[in-house]
Amino acid sequence: MKRGLAGWLLLAALGASGAAFAQQPADIERAKASFRAGANAYAAGDYPAAIQALEVAYELTPLPAIAFSLAQAERKQYGAKHEREHAERALRLYQRYLEQEPNGARRNDAQLAIAELEPQLATRPAPGVAAPPKLQARPTRLMVVSDAPGARISLDGGASAASPLIREVTPGRHRAHVTANGYRDADRDVVAVSGELIMSEVRLSEQPTSLYVWAPLGADIYVDGVYVAEGGPLATVPLASGDHQLVVAQTGRQLVRRDIKLEHGHTHTEYVTLEPTQQRSISELLFIGGGVGLGAGIILSAFAARSQNKAEKFIMLRNQQHHATGPELLSYNAAIVERDRYRTGAVIGFAGAAGLFITGLFLHELDSPSLPAQRRQLNRTDASRTTPRVAFSPVTATGNLGAALELHF
């Protein structure tokens, strides 16, 4: 008997068999539970428990697929204990399966099993060797199953064992305790029914797994495309275990994207430093250039004022003496030329400084990180993050000189 797709198809067939066998919904659900218990016991190598559970399922819903599964368990038990009754029952069940499903999916397997069993059963037991008596009463068993990796299960305070745990118990209430690394412990009360195998599936909840992010103050932290926290000395993000993508973004800084894997019950710390963007570096250079231009304008304005003072002094002397010498006239003309040159240079310096400051401020204010469109699933409770914004870059997406303007709504 194989678990997996075939088992789920069988369970689906069980769900559809109610009309064919005029069964009650409760019987169908009980048959499904018994078949799952039998499949788990078979996989665990506990063939007597598998036989017990599959017998119940077959009695409630006599489907050919269940007959084949029960035959497999009987044959496995015969191989383990060499008790003839298991081989005889397995042979009858294989034959019944072929009668009911002559073209079934497990037809070849059934024929091979029959060809193997018939020669063994043709040999009669040695004289004086009595066949083992068939048990009249079915034992009372409990099966506790957990899908958590590495789960350990104990029953009524006994020794723990790996999942699935199968024990013969007395009828009545029992308590199972399930533990697994990275999961919260769980206790489950299970009621054992006389003569039946009762299976209880226990699902453990994962212990919280925390991601600690050290990022610059003011940065935005995204996990799997969703805004989760603001950067700072230590940001704590509770997450489920598994693969995640961490993105840290900040205005004027290069986007950092990392793929991380979190394990059950463990913490993980990421240290993130953000480098300035090319746009931010250019804006800072423009501010420096604007400062240089402003300083040059101020210095040239001072020189222009000095030259103006020289010219005004010549005019005052001329008004007092009513005449000017040749050297004095030359000095006056030179002062006027210097003044005009310095004024022109100052105007250029101030204008250049203004242009550089405005351009630098424009680049500085619009230097916002752009997350990929398919991952921009921001937290809608933060209204400030859903406002339209404009981003400008003096460099194209290919890294060449040019210009790029982005509008985000």
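## Salt bridges

A salt bridge is a side-chain nitrogen of Lys or Arg within 4 Å of a carboxyl oxygen of Asp or Glu. R339 and D340 meet in one, with 3.1 Å from N to O. R339 counts as buried, at 16% relative accessibility. D340 counts as partly exposed, at 34%. Here buried means under 20% relative accessible area, exposed means over 50%, and partly exposed lies in between (1.4 Å probe, protein chains only).

This is a predicted model: local features need pLDDT of at least 70, side-chain atom pairs count only at pLDDT 80 or more, and totals for chains, interfaces and linings use all residues. Residues are numbered from 1 along each chain as its sequence is written, and side-chain values use heavy atoms, with hydrogens and water left out. A search of the whole structure finds 16 salt bridges.

## Links between helices

E74 pairs with R89 in a salt bridge, and their closest N and O atoms are 2.7 Å apart. The pair links distant parts of the chain. E74 sits in helix α5 (residues 64–81), R89 sits in helix α6 (residues 84–100), and they are 15 residues apart. Helices (H or I, at least four residues) and strands (E, at least two) are DSSP runs, numbered from the N terminus. E74 is buried, at 2% relative accessibility. R89 is buried too, at 19%. Both belong to a network of salt bridges that also links E55, E59 and R138.

E116 forms a salt bridge with R75, the closest N and O atoms being 3.4 Å apart. E116 lies in helix α7 (residues 107–122) and R75 in helix α5, so the pair ties together parts 41 residues apart in sequence. E116 is partly exposed, with a relative accessible area of 40%. R75 is also partly exposed, at 25%.

## Nonpolar cores

A nonpolar core is a set of buried Ala, Val, Leu, Ile, Met, Phe, Trp, Tyr and Cys residues joined through side-chain atoms within 4.5 Å. The largest one has 37 residues, and Y94, L117 and M143 touch the most other members. Elements giving two or more residues to this core include α3 (25–43), α4 (47–60), β1 (141–146) and β7 (197–202). The largest share, eight residues, comes from α4.

L117 is in contact (heavy atoms within 4.5 Å) with R75, Y78, A87, A90, L91 and Y94, leaving aside its neighbours within four places in sequence. Another core, of 18 residues, lies apart from the largest one. Its members include V144, V169, V178 and V202.
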